[in-house]
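Subject: Structure handover

Hello,

Here is the structure for your files. My notes on what was found follow below it.

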Amino acid sequence: GYSGNLFVWGSVAPLGLKFSNFSTNRETMKQCVCNSGCDVILNVNNGGHWVLATGYDGSGFLVNDPGYSRSRYEFGEVVDSALLYG
């Protein structure tokens, strides 16, 4: 859920997920995207929007972003990420 403009990370528990940590390390994000037990939520649009990473290619992350109808963000567009395990 949200509180104002902030995501409440504990709200993912009913989905069987547990918030682990934030990471700005691109390699860590890429490794987690490839790990079937890890989900990566990317912070984009200068920190104003969160999207689900579904994969990556040579220059960016593939995403599920119903809010902006985008299917990828360049690596440089990612401000932060949240790593979730479940």
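**Lysine 30 and its surroundings**

Leaving out residues up to four places away in sequence, lysine 30 touches Tyr56, Phe61 and Phe75, where contact means heavy atoms within 4.5 Å. This is a predicted model, in which local features need pLDDT of at least 70 and side-chain atom pairs count only at pLDDT 80 or more, while totals for chains, interfaces and linings use all residues. Residues are numbered from 1 along each chain as its sequence is written, and side-chain values use heavy atoms, with hydrogens and water left out.

Lysine 30 lies in helix H1, residues 26-34 (helices, H or I with at least four residues, and strands, E with at least two, are DSSP runs numbered from the N terminus). Its relative accessible area is 16%, so lysine 30 counts as buried (buried is under 20% relative accessible area, exposed over 50%, partly exposed in between, with a 1.4 Å probe and protein chains only).

**Aromatic residues**

Two of the residues that lysine 30 touches, Tyr56 and Phe61, form an edge-to-face aromatic pair, at 6.4 Å centre to centre and 70 degrees between the planes. Rings of Phe, Tyr and Trp (its six-membered ring) pair if their centres lie within 6.5 Å; planes under 30 degrees apart count as stacked, over 60 as edge-to-face and the rest as tilted. Phenylalanine 61 is buried because its relative accessibility is 1%, whereas tyrosine 56, at 33%, is partly exposed. The whole structure holds 6 aromatic pairs. One aromatic cluster is formed by Trp9, Phe19, Phe22 and Trp50.

**Nonpolar cores**

The largest nonpolar core has 15 residues, of which Val40, Leu42 and Phe61 touch the most other members. A nonpolar core is a set of buried Ala, Val, Leu, Ile, Met, Phe, Trp, Tyr and Cys residues joined through side-chain atoms within 4.5 Å. Two or more residues each come from H1, strand S4 (38-44), strand S5 (49-56) and strand S6 (60-65), and S4 gives the most, with 4 residues. Another core, of 5 residues, lies apart from this one and includes Trp9, Ile41, Ala82 and Leu84.

**Serine 81**

Serine 81 is in strand S8, residues 80-85. Its relative accessible area is 0%, so serine 81 is buried. Beyond its neighbours within four places in sequence, serine 81 is in contact with residues including Ser23, Val40, Ile41, Leu42 and Trp50.

Regards
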